[in-house]
Amino acid sequence: MRERDDMTFPFEEYQRRIGDLRQRMAKRLLDVVIITDPENLMYLTDYQTSGYSFFQALVVPIDDEPYMITRMMEESNVHARTWVEKTRPYSDTGDAIQMLIESLREFGLSEKVLGYERNSYFFPAYHQDYLKTAFKGSRLMDCFGIVEEGRKCKSSYELDAMRKSADAARAGLFAGVEACQAGVTENEIGGAISQAMFAAGGDFPAVMPYVTSGPRTMIGHATWEGRTVQPGEHVFLEIGGCYRRYHTALMRTVICGELTDSMYRAQETMKLALRQIREEMRPGLTVSDADHIVRSIITDNDVGARLITRSGYSIGIAFPPSWDEGYIVSLKGGDSSVLEPGMTFHVIPWMWGVDGDKTCGISDTFYITDKGCGSFFEDVPQDFFIRPGSSTKTAAKPEKGPELVKVPATEDKQPEKKQKVAEKR
């Protein structure tokens, strides 16, 4: 390992991560691991590139120097960013897996027990089949999750990086809220969010902000498509800030006009869920229990809404196509995994189908402490933001989008006054 002082974290942090990985290798009787997941490469070495669709791997022997297999164009990233000294690049006309096999033989690893990430997005089946067919000298074992086990609890250095990503997300949110009003397009709002995040020192996120308005909020994972916000409509925002590939995220809702009684009740229900889960999240609580706390509160609503997803997920290092680490830990029923200090979660008590045709959200990113949990967005208001229902701009007729499925309404109830909601709490 080449010691250097210009990486994201101190050199000792990467030494610790490799040392911890080797301890897990020993427990699983592995002599070598082949790491191909971009987030895991970043975690272990500080290596990153947008060219991760090409095969790349960190080969870590249990008792020898690690080395990297990369596309020749990406070798410069290894030398510029990481502590790795040995590389074996392949050309665009070369064969990545053949280079991997040759390097294993070169370094005397061809008779060892090899672990590889069978579920990695970027170690596709045809590459795995090729390796198994052409490389007969050793025993190949699935070691998926061996790096993620170290990633699920963040160090103090990682939490500091996530605070910087939260600064970017916060700047983007306030710029987006300021841009929201009837007569502007979703694209203008998305552009304001993005510009503010980058100006605040944020890097490009694994997913650009989600910005939808009015009936388009009912479309899952939709974002801006040029639609113009109409008077009285709401705008749903979900923003993931990024700093050195570490992410934090939050949802907020903007009302361009007056806050209706049903939207107020939705707001108070989500705030209650966040307040309750923050009081309860602590080491020892199970993932399933955390999900139940959020889900039971959101389910008990009288505005026709549902929580149709998990109630949260681990968040941290991410490359496109997703900013979450839900494959490491997700808040969902039936999972007895226990919360530990250093875990970080985007908790999402959002509500799909308010009045049958509106989706709104308030969320937060929490970090588990020794005795409870903290928020990366402590100072960000949770109430819906109220913005002008009209503007000097002419509100264009909304473009026709995909047909939406209206959520069946619950039994009609007399709208309650705001004081009633407060009593319910």
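Where is Gln 56 found? Gln 56 sits in the loop between helix H2 (38–45) and strand E2 (57–61), with helices (H or I, at least four residues) and strands (E, at least two) taken as DSSP runs numbered from the N terminus. The structure is a predicted model, in which local features need pLDDT of at least 70 and side-chain atom pairs count only at pLDDT 80 or more, while totals for chains, interfaces and linings use all residues. Residues are numbered from 1 along each chain as its sequence is written, and side-chain values use heavy atoms, with hydrogens and water left out.

Gln 56 has a relative accessible area of 3% and is therefore buried (buried means under 20%, exposed over 50%, partly exposed in between; 1.4 Å probe, protein chains only). The side chain of Gln 56 makes a polar contact with that of Tyr 47, at 2.9 Å. Such a contact is a pair of N or O atoms within 3.5 Å; within protein, one must be able to donate a hydrogen and the other to accept it, and residues adjacent in sequence count only if both atoms are side-chain atoms. Leaving aside residues up to four places away in sequence, Gln 56 touches Ile 35, Thr 36, Leu 41, Tyr 47, Thr 49, Gly 51 and Ile 69 (contact means heavy atoms within 4.5 Å). The C-alpha atoms of Gln 56 and Phe 122 are separated by 8.3 Å, although these residues are 66 apart along the chain.

Beyond four places in sequence, the residues touched by His 234 include Thr 253, Val 254, Ile 255 and Met 263.

Turning to aromatic rings, a search of the whole structure finds eleven pairs. Rings of Phe, Tyr and Trp (its six-membered ring) pair if their centres lie within 6.5 Å; planes under 30 degrees apart count as stacked, over 60 as edge-to-face and the rest as tilted. The pair of Tyr 210 and Trp 323 is edge-to-face, because the centres are 5.8 Å apart and the planes stand at 70°. Tyr 210 lies in strand E7 and Trp 323 in the loop between strand E10 (312–314) and strand E11 (330–331), so the pair ties together parts that are 113 residues apart in sequence. Both Tyr 210 and Trp 323 are buried. Elsewhere, ring pairs link Phe 9, Tyr 14, Tyr 157 and Tyr 246 into a cluster.
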